[in-house]
Amino acid sequence: MALSKEEATLFLRDVLQVPDTLFSEEQPSLSFLNEVIKSYQNVIPWQSVVSCAVSHSQRHLPTWEEIKQRQFAKQGGRCYENNMFIKEVLYAFNFDVCYISCHVLDPDDHMTVMVRGLTSSCSRHWVDVGSTFPLFQAIPFDFETKFVEYDIGFLRSRFVKTNGIIEWHHSRHQPPFDSCNMTKDGNWYIFGKIKADVLCDLDTFKSRMTIRYTVQDESMFLQEARAVVYKNNKLVAIKGMQLVLETTDKTLERKKMESLQEALEAYKTFFPQIPTNIVQDALSNTVFKI
């Protein structure tokens with residue numbers, strides 16, 4: 001499982017449309033990394049549509065070839081797919097990358113990426129293009145204060161050091177999705193607990209991810225088709241039969257879709273790269289069960 005330098009270049013240039021001038025840099029840089037992350041979140045969706053469309057008997061953990069094909073087709077996927085692929089892209093450009101585990105609802109249920117030694121010999125920059133939330137940059141994890149805050153789009157985030165982990169807190173203006181099992185901490189939700197000091201390989205995640213891709217009762221993302229992307233850094237999301245769009249003042253407008261046809265039209269408008277038959281199968285397996 002790997003990408004050649006030529007494949008990674010093709011993906012960045014033709015799919016993400018990252019400027020060619022960044023490719024000429026001899027050494028990995030923070031500016032290059034941040035441009036890749038921002039471009040990725042504005043092109044490649046997080047989506048559970050494809051996994052919802054698969055019949056129950058055929059559900060499986062996506063293979064590398066399936067992941068690679070969907071990434072080049074701009075179809076994206078969930079954290080396992082998107083973060084696996086971005087790690088291989090970065091590795092092809094000589095970034096020192098590894099997997100890091102994040103506990104959202106269960107241990108090892110969110111796979112993320114760490115870039116090491118980028119700005120100093122011991123620097124750590126956390127990368128996550130596999131969630132539905134706006135980051136648009138790598139988050140440095142060597143801050144000396146108790147926490148650091150970011151205000152990006154509709155979402156205010158903070159990263160808090162506690163008991164050997166880093167907690168990712170959210171303070172939402174208006175949440176795009178329900179806050180499933182998140183613990184309130186004043187005005188903040190503890191979204192995830194990141195084991196920043198523990199390097200992982202794929203085997204760390206396979207057991208949990210296999211369940212999340214195959215057992216409907218154990219995965220909210222098999223119970224409801226969802227798709228999220230950013231257009232000019234503004235949220236565009238479909239959650240079941242709800243369309244969510246971020247406005248210029250960082251608020252989120254919601255519209256309930258009343259029919260299958262209306263939902264199909266929304267996907268054609270905002271996620272045209274996902275074939276209509278796949279969208280229809282996903283909705284038939286979730287919202288419009290036969």
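This note comments on a helix pair, a cavity and a sheet in a predicted model.

1. Packing of H1 and H5. Two packed helices are described by the angle between their axes and the distance between the axes. For helix H1 (residues 5-15) and helix H5 (residues 79-92), the angle is about 115° and the axes lie 9 Å apart. The crossing of H1 past H5 is left-handed.

2. Residues at the H1 and H5 contact. H1 contributes Lys 5, Ala 8, Phe 11 and Leu 12.

3. Rolling a probe the size of a water molecule over the atoms shows where empty space is left. In this model, a search of the whole structure returns 1 cavity of 30 Å³ or more. The volume of the largest cavity is about 60 Å³.

4. The cavity lining. Residues that line the largest cavity include Tyr 40, Gln 41, Ile 44, Pro 45 and Trp 46, together with Asn 82, Val 129, Ser 131 and Thr 132. Val 228, Val 229 and Tyr 230 are also part of the lining. Helix H2 (30-41) and strand E11 (226-231) are the elements that each give two or more residues to this lining. The largest share, 3 residues, comes from E11. The lining comprises 8 nonpolar and 4 polar residues, with no charged residue.

5. The sheet. Strands of a sheet pair through backbone hydrogen bonds, either parallel or antiparallel. Here, 5 strands form an open sheet in the order E1-E11-E12-E13-E14, and their pairing is antiparallel. Strand E1 (46-47) and strand E14 (252-256) are the edge strands, each pairing on one side only.

6. The E1 and E11 pair. These antiparallel strands are joined by 2 bridges. Trp 46 stands opposite Val 228 in E11.

How values were computed. Residues are numbered from 1 along each chain as its sequence is written. This is a predicted model: local features need pLDDT of at least 70, side-chain atom pairs count only at pLDDT 80 or more; totals for chains, interfaces and linings use all residues. Side-chain values use heavy atoms; hydrogens and water are left out. Axes are lines fitted to C-alpha atoms, for helices over the stretch in contact, and angles run from 0 to 180 degrees between N-to-C directions. Helices (H or I, at least four residues) and strands (E, at least two) are DSSP runs, numbered from the N terminus. A crossing is left-handed if the near helix is turned anticlockwise from the far one by less than a right angle, and right-handed if clockwise. Contact means heavy atoms within 4.5 Å. On a 1 Å grid over the protein atoms alone, a cavity is a set of points where a 1.4 Å probe fits but cannot get out, and a pocket is an open set with protein on both sides within 12 Å along at least five of seven lines; lining residues have an atom within 4 Å of a point. Grid points are joined across faces, edges and corners, and a volume is the space filled by probe spheres set on the points. Ala, Val, Leu, Ile, Met, Phe, Trp, Tyr, Cys and Pro count as nonpolar, Asp, Glu, Lys and Arg as charged, and the others, Gly among them, as polar. Two strands pair if DSSP finds at least two bridges between them.
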